[in-house]
Amino acid sequence: MSRRWRAIALVALLLGLLVYPYVVPQPGFWVVGIGLRALWLGLVAMSVSFLAGYVGLVSLGQLTFWGIAGYAVGYLAVLQGYSYGVAILAALVIAVVAAFLVGLIAVRVQGIFFVMLTLAISQVLYFSTFQLTDVTRGFTGIAPIRAPDVMGVSLNAARPMYYTVLFLCIIIFLGLRYLTRTPFGIALQGIRDNPERMKALGYPVYRYTLGAFTIAGAVAALSGVVAVFYHGQIVPDAVGLVRSIDVLVVAIIGGIGYLYGAFIGAVAFSILQMFAQLFTDRYNTLIGLVFVAILLFWPSGLVGLFQEVRDRVARLIPGTAEPQRTRKAVLEEAAPQHDVVQQRD
Amino acid sequence: MRQVLTTALNGLTLGALYFLVTSGLTLIFGLMRVINLAHGTLYLLGGYLGFSIVGRTGSWAFGALGAALAVGAVGALVYSGMLRRFQHEELRVALITIGLSVVGADLMRAVYGSGNYRVPAPDQLRTALTLPVVEVTYPGYRLFVLFSAIAVGLGLWLLLNKTRFGMVVRAGVDNRDMVSAMGINVNLVFVAMFFLGTALAGLAGVLGGSTFTLSPGVDNEFLLFSLVVLIIGGMGSVAGAAIASVLVGLVFNFAIGYAAPLATILVFLLLIVVLVLRPEGLLGRRERMA
């Protein structure tokens, strides 16, 4: 795609996102059920994708920080009566500190050990929500958590909430994308590809990885704050293993390792889940099977699939073929990665 | 004093169950370097199947045996059909098994609903035994679970250290390619190991299903604790799993007894302490963590 077409496509996408709440029928379903849900789900899945694509760590524990932030908002604003500004800010700080502390341990290990450890951490939060009843209200959870007013506009209404969250998601996405292009981000990719060499080059590998993990935790925490207002409550099941797996499913369906893939995955996942629920009670089976099928056949998800189709089309039209972009291969371990160093053909 | 002893015995029984579940996980990991994150699902499946079989035949032993064989068969099938192709991509295998756990949990909910089940324990064991010397009264069935775990542990030790199969497995742990080059059908050994490892989860499901309830969510609970035990004990080490499961069982039960709100967190703190002091686990090998 040439530069100009890319710009046109981006402007069209942005316009589409802006007029979306006004053109779709049944705003309760399309704006809230699909749109808003895909936005916060994409945000937390993006933190998974960021860690996987740029640090090489697949996390099942992002909902931990999401949940800590959500519970903190609920506890501080609803149970303790603090103002929303204080509650949200404190919740973010608490969740980021938690991410930092967890990271101190978690980033020491890699590969499946990291998956196992983050899974264990997320489950510790889940089981603790039943035990720390003073803070979490146990099984019933904390409700109702109404969205705050911002400059006189209540975010409880679908459209103001949609635009606020959309704006937030765009800012975070651009921020993370920028981060991956800074020297820090490029060093992270070096660490992903060869930590030993980066260590030998004098990079503080542990501190960089910890930093990336904390940043991913902050993104997840932001999503948690949004989601707690979206749901109007926070309950233990929201941080259960099934939900944690959902986040991973979203990242994988979209194309793990691609930041924007998380949002594509979130839209696909929301639509799949919403419509599957209409036809069958076994929608989780369907989603599980889709997930397994993607892992078996297209591990780079919808984005990878799209790129493959595009490359094939480009090869059919003579003269327009551009050098193929190498696909990110997060899951195929043996496959070489060429994001930092350009591949020579 | 009596309460402390009862809590300790409860901890040991729970540890025994954790050991049964984790031993399968650690055996599979030790040989193949893959982690089966549907292991908790297989535990629950074993429990449900055991419940159904005991209900039909009235024999607890049949239930345990049938569930173990059936779950082992499921494991071997999943391995040969889906996981074998990606055996060298451990991350992909882990994620595929997560997907399968979602499907498995949902299908089990379709069949068994969300109610609580309990596999009826064998009549002969439904007695309270008074232990000599300490004079603590304790359910006979729980002691049976404890002894079953010890028997399985000993059996695994004998299998791994005293048989030809065990020799091949141990050689495979050290150098898979070399064993293959020696003319041994490593694939068959892998399938057998997957069968054995998952069958142990099924057996644990029946044993645990007579002690605790079976319901959706139990699968995740046992997955969590088996992962914690696995990491603490050292990946791939059966002896490490034994020590770690006793440790985790005791810590968890004493925490439930004396500091209930912090029970899960305390277990997790144990995990962190071990990870900081010995990142490879109690009896694990160092090179494997990175």
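Predicted model: local features only at pLDDT ≥ 70, side-chain atom pairs only at ≥ 80, totals over all residues.
Is Arg33(B) buried or exposed? With a relative accessible area of 13%, Arg33(B) is buried, because buried means under 20% relative accessible area.

**Stop 1: Arg33(B) and its loop**

Stay with Arg33(B) a moment. You will find Arg33(B) in the loop between α1 and α2 (39-57) of chain B. Now check its backbone: phi of Arg33(B) is near 60 degrees, a positive value in a residue other than glycine. Most residues other than glycine have a negative phi.

**Stop 2: Thr7(B)**

Next, select helix α1 of chain B, residues 2-32, and pick out Thr7(B) in that helix. Thr7(B) has 10% relative accessibility and therefore counts as buried. What is Thr7(B) in contact with, leaving aside its neighbours within four places in sequence? Show Asn253(B), Phe254(B) and Tyr258(B), and you have its partners.

**Stop 3: Leu100(B)**

Move on to helix α4 of chain B, residues 90-112, where Leu100(B) is found. Leu100(B) is buried too, at a relative accessible area of 19%. Setting aside neighbours within four places in sequence, Leu100(B) is in contact with Val78(B) and Met82(B), and with Val292(A) from chain A.

**Stop 4: where the two chains meet**

That last contact leads us to the interface. Colour the chains separately: 41 residues of chain A are in contact with 48 residues of chain B. The size of an interface is often given as the accessible area lost when the parts come together. Between chain A and chain B, the buried area is about 4000 Å², and carbon and sulfur atoms give 77% of that. On the chain A side, select Ile112(A), Phe113(A) and Met116(A), which lose the most area to chain B and together make up 17% of what that side buries.

**Stop 5: two helices in chain A**

Finally, select α8 (residues 183-193) and α10 (residues 205-231) of chain A, which pack at an angle of about 110 degrees with their axes 10 Å apart. The helices α8(A) and α10(A) are therefore roughly perpendicular to each other, and their crossing is left-handed. Show the side chains of the contact: α8(A) brings Phe184(A), Ala187(A), Leu188(A) and Ile191(A), while residues from α10(A) include Val205(A), Tyr208(A) and Ile215(A).

Terms used
Residues numbered from 1 in each chain as written. Chains lettered and ligands numbered in written order. Heavy atoms only, no water. Axes fitted to C-alpha atoms, helices over the stretch in contact; angles between N-to-C directions. Helix = DSSP H or I, 4+ residues; strand = E, 2+ residues; numbered from the N terminus. Parallel < 35°, antiparallel > 145°, perpendicular 65-115°, else oblique. Left-handed = near helix turned anticlockwise from the far one by under 90°. Contact = heavy atoms within 4.5 Å. Buried < 20%, exposed > 50% of the residue type's maximum accessible area, 1.4 Å probe, protein only. Buried area = accessible area lost by both parts, 1.4 Å probe.
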